[in-house]
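Dear colleague,

Please find the structure below, handed over for your use. My findings follow directly after it.

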Amino acid sequence: MEKKKILEVRNLKTYFYTEDGVVKAVDGVSFEVYEGETLGIVGESGCGKSVTSLSILRLLDEKGRIEEGEILFKGKNLLDLSEDEMREIRGNEIAMIFQEPMTALNPVYTIGDQIMEAIILHQKVSEQKARKIAIEMLKKVGIPEPEKRIDEYPHELSGGMRQRAMIAMALSCNPSILIADEPTTALDVTIQAQILELMKELQREYGMSIIMITHDLGVIAEMADRVLVMYAGKVVEYADVRDLFKDPHHPYTWGLMNSIPRLDVEYERLNAIPGVVPDALHFPEGCRFRNRCEFATNKCAEEPPLVEVKANHFSACWHIDELRKTMKLAQEGETA
Amino acid sequence: MTAYIVRRLLLLPLVLFGITLIVFSMLQMLGPDKLLSAYVNENLLDKLSPEKLEALKEKYGLNDRLIVRYIKWLKNLFRGDLGWSLVGKEPVLKAMLHRIPYTLELALYALFPVVGVGIWLGVKASIHHNEPIDHFIRVFAVVGWSFPDFVFGLFVLMIFYSLLGWFPPGNMSIWAEEIFSSPSFKHITHLPSIDALLNGRLDLFVDCLRHLAGPILTLSWLWWAYILRITRSSMLEVLRKDYVRTARAKGLDEKVVINKHAKRNAMIPVTTVAGAMVIGLMSGTVIVEAIFNRTGMGRFTAQAAQQLDFASLLGAVLFYSTILVIGNLIIDVLYAIIDPRIRLT
């Protein structure tokens with residue numbers, strides 16, 4: 001069954017104009033999100049994954065500008081909408097939850113007040129009705145005693161409870177897409193698992209699509225249907241989640257996977273990708289990963305296109321063959 | 001919270017006791033000879049014989065031990081007698097009651113333009129960060145802040161009194177003073193402008209406002225700079241916070257984002273500064289009072305200090321301490337109202 005495309009981002013370029021120069025935080029990113037699926041966007045800090053999500057909602061700060069591209073949501077280009085029309089989309093059609101539930105909730109208003117605000121705004125209901133919906137939502141996200149908790153302030157809740165309240169707030173208007181920007185990074189591991197489980201459950205119930213932004217491949221494996229791997233503002237690999245883990249086609253993706261410690265192997269030192277993400281003002285010409293890549297040659301000074309290497313699997317690298325040879329050798333070495 | 005307020009108020013007498021004891025001791029350190037000049041004309045003092053001087057010191061109890069003198073002062077205080085004011089040429093209590101209304105009135109009317117408009121300007125600058133309006137407001141702030149009040153006050157007098165004749169100096173016009181002190185005029189709040197309204201004298205009310213306009217303008221101009229800068233930087237910080245982004249991500253109107261979500265969070269540091277300012281206003285503003293020839297507490301205290309008028313000084317200290325304690329209590333309560341994370345216990 002062919003699934004319906006709900007969001008399509010085409011050649012998105014978001015630049016920041018700082019005093020030191022232009023930062024090309026997102027430079028020609030394209031992807032699509034289908035109804036009811038979860039798209040994972042993975043990458044290191046500063047790769048442009050958060051900027052991508054903020055661009056979709058047009059919530060960039062004053063220095064950031066979307067220079068080029070299209071963001072088609074249900075066929076409409078969001079970049080053509082007026083600010084008023086955009087507000088109708090935010091929180092209503094596309095909702096977002098953030099990394100730090102401590103700072104993402106306003107400390108001076110009760111969580112009920114903050115949840116009801118969106119409901120009253122988008123569903124045009126009375127305050128009593130909004131309160132009922134808010135209590136219902138709090139119950140759904142697993143907050144005990146919602147009738148009491150609704151009048152509490154964020155600082156009176158634990159980190160996990162706060163993130164649950166954030167999810168309740170985001171889902172209160174039944175959005176088609178939920179953008180989750182590192183929703184579990186600030187939480188401890190057991191709470192992480194609970195929150196991810198909750199999101200899956202609610203996705204089944206509401207049938208919304210999720211864009212899961214994270215640097216954690218574990219979260220991706222747990223949640224995503226398809227994955228977009230970003231590096232320095234570019235998409236380096238884009239594939240089905242199983243295919244990506246089983247058969248990575250980009251040295252960066254492979255490096256990320258190698259850096260996850262495995263329980264069945266003993267290490268002298270953990271594997272890491274050498275070097276750091278380059279300074280956003282001075283990305284290398286051509287392939288932006290080449291200064292950290294073991295396969296890099298002169299060829300890499302030319303920008304590699306994102307090509308379909310097999311069905312529904314895209315990668316942007318000149319040396320996929322080299323990579324696959326090395327991967328094969330490594331695998332054989334392990335089994336031998 | 002009520003328990004907290006009551007407890008703080010119960011502490012007030014203790015604070016007053018401590019402060020007056022300190023000020024009293026410091027004043028007594030001047031020694032009996034200097035203290036005598038508060039009671040006897042200095043020219044006369046030089047001509048008196050040592051025996052006569054000693055007799056005078058004895059008469060005014062200047063040779064007594066400090067604690068004896070302080071207890072005597074306290075005893076009189078409880079009878080409502082704060083001594084004779086050299087500056088006011090009437091009992092201290094009466095002299096202060098004649099001046100406090102003018103100080104409070106100025107504070108009351110200056111409060112809104114100084115604090116309200118200052119905050120408004122700061123918020124405006126922050127939401128138009130780095131736009132021309134922000135630059136304009138900041139330049140305005142620096143210019144305002146760099147002006148000494150005695151220069152700016154004189155400018156105001158020059159333009160609005162000498163040139164335009166709009167805002168005369170003084171408390172009120174002579175004709176107004178006559179009505180004000182006539183027996184048929186009822187003093188209900190003791191604030192001249194308010195009493196004028198309560199007595200149905202609109203002309204008197206307008207006259208009071210005309211006399212208040214100059215000082216208010218001067219105080220506003222000088223203090224806007226301060227308050228708008230604090231507001232601006234506090235707002236800029238809050239506007240970068242995650243919860244402001246959350247509010248925007250909900251689809252809220254930018255006005256709601258600013259006024260509901262950002263402003264309240266930005267008000268904590270502003271409250272501290274604005275509170276200190278209002279307390280300052282209530283204690284009187286010496287230079288502004290002097291320039292605009294108003295009889296307020298600021299000038300009274302300055303003159304009392306100059307003339308070693310101990311009785312008046314101690315009276316003024318009582319007044320200031322009370323204002324300070326109550327003012328700070330109000331600020332603390334405001335904190336707790338603004339931010340639920342602050343608990344008063």
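Helix H5 (residues 127–140) of chain A has 14 residues, which at 1.5 Å a residue should span 20 Å; its end C-alpha atoms are 20 Å apart in this predicted model, so the two values agree. Within H5(A), the buried residues are Ala130(A), Arg131(A), Ile133(A), Ala134(A), Ile135(A), Met137(A) and Leu138(A). Their cover includes three helices of chain A, namely H4 (111–123), H6 (146–149) and H7 (159–171). Just after H5(A), Gly142(A) adopts a positive phi of about 80°.

In chain B, helix H6 (residues 92–127) comprises 36 residues and reaches 50 Å from its first C-alpha to its last, close to the 52 Å expected. H6(B) has a kink of about 40° at Ala110(B), shortly before the proline Pro113(B).

As for the meeting of the two chains, 20 residues of chain B are in contact with 23 residues of chain A. On the chain B side, helix H12 (242–249) and helix H13 (254–282) each supply at least two residues, and H12(B) gives the most, with seven. By type, that side divides into nine charged, six nonpolar and five polar residues.

With kind regards

Conventions. Residues are numbered from 1 along each chain as its sequence is written. Chains are lettered from A and ligands numbered from 1 in the order in which they are written. This is a predicted model: local features need pLDDT of at least 70, side-chain atom pairs count only at pLDDT 80 or more; totals for chains, interfaces and linings use all residues. Helices (H or I, at least four residues) and strands (E, at least two) are DSSP runs, numbered from the N terminus. The expected span of a helix is 1.5 Å times one less than its number of residues. The bend at a residue is the angle between axes fitted to the seven residues ending there and the seven starting there. Two residues are in contact if their C-beta atoms, placed from the backbone, lie within 7 Å. Ala, Val, Leu, Ile, Met, Phe, Trp, Tyr, Cys and Pro count as nonpolar, Asp, Glu, Lys and Arg as charged, and the others, Gly among them, as polar. A residue is buried if 20 or more other C-beta atoms lie within 10 Å of its own, exposed if 12 or fewer, and partly exposed in between; C-beta atoms are placed from the backbone.
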